[in-house]
Amino acid sequence: MRRRVRETDEFRWFTARAWTNRWYPQGVDVGSWRGRRTLAVSWFRQDRSGNHLASRVVLIDLQRSRHIDIALAIEEDGELQPARIHTGGIAWFGDRLFVAATGQGIWEFDLGEVREVRGTVARRVRGISGRRPGARALVAVRTHVHPVALRCSFLGRLYDEDGASLPRVLIGEFRADDRGRIGEFTLPEGDDGRFEEKDRFVPTIGHMQGVVRWGDRVFVSQSDGMRPGTLWSGPAGALTPLPYPLPVGCEDLALDPDAQMLWSLGEHPRRRVVRGIPFVRIGLDG
């Protein structure tokens, strides 16, 4: 990957990932992987008809600009199958990775039990057909499907005004009109745990792609085709657009208190970027 640090902190793919129309990046969050600060980006794979074939999360070492791929999988009848979901947004809590499975609730994967598979299984979970000698893949397996009474297009995390992560998420709906809803939910706990809804609001913003909250301030990303995206900010009931543009084809959002960054990313081929915007540019003191 290439990294450029100027007004923003940007990572760009220096491989076919920059232009492929088979894989699309969607979700983003920040966490720790094997003791190192890490940026996670979720991707989905599709065929020419737009059918989902597989999904993965790419973990980027924020100091070394290196990355590893982890295929997302489900277990059926003792065999691993690819997780054929849109991965519209992610929220990373320790070993728990929550993924927005548009129209199918929130899927949870275990990053604490990542395993390596080879051969046919590796090709299958990566959505690859044909034979590739020596194929292998790291895999995180789904542990729960959490039903939620929303479309679950994206989700993001919440922090208090001091930057402490809260055990809650915001789950939202992408719609072309301005009737998309965003709900605040507590995290499920235990085998029978569920997302418990605590609040819901309608920002009256079309094409919402991501949401996070810092204290009382909500941030929402809004895409605009092949033009730069818009970042909205403010109390839940009174969001206003900020002048700082988001990437073209903007998607999910993630807050990074340690680096004092708001992360977003662009999905369109040849314009793909993972961008960190300093807090000072969006009116946060950190």
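1. Which residues does Q81 touch, not counting residues up to four places away in sequence? Q81 touches L72, A73, I74, E76, R124 and V125, where contact means heavy atoms within 4.5 Å. Q81 is placed in strand β7, residues 79-82, a strand being a DSSP run of E with at least two residues, numbered from the N terminus. With a relative accessible area of 18%, Q81 is buried (under 20% relative accessible area, with a 1.4 Å probe and protein chains only).

2. A note on the basis of these points: this is a predicted model, in which local features need pLDDT of at least 70 and side-chain atom pairs count only at pLDDT 80 or more, while totals for chains, interfaces and linings use all residues. Residues are numbered from 1 along each chain as its sequence is written, and side-chain values use heavy atoms, with hydrogens and water left out.

3. Across the whole structure, a search finds zero disulfides (a disulfide is a pair of cysteine sulfur atoms within 2.5 Å). C152 is in no disulfide, and the nearest cysteine sulfur, that of C250, is 20 Å away. C152 is buried, at a relative accessible area of 0%, and C250 also counts as buried, at 1% relative accessibility.

4. The lining of the largest pocket deserves a look of its own. β5 (52-61) gives the most to this lining, with four residues, while β4 (36-46), β6 (67-76) and β12 (136-146) are among the strands that each supply at least two.

Technical notes. Buried means under 20% relative accessible area, exposed over 50%, partly exposed in between (1.4 Å probe, protein chains only).
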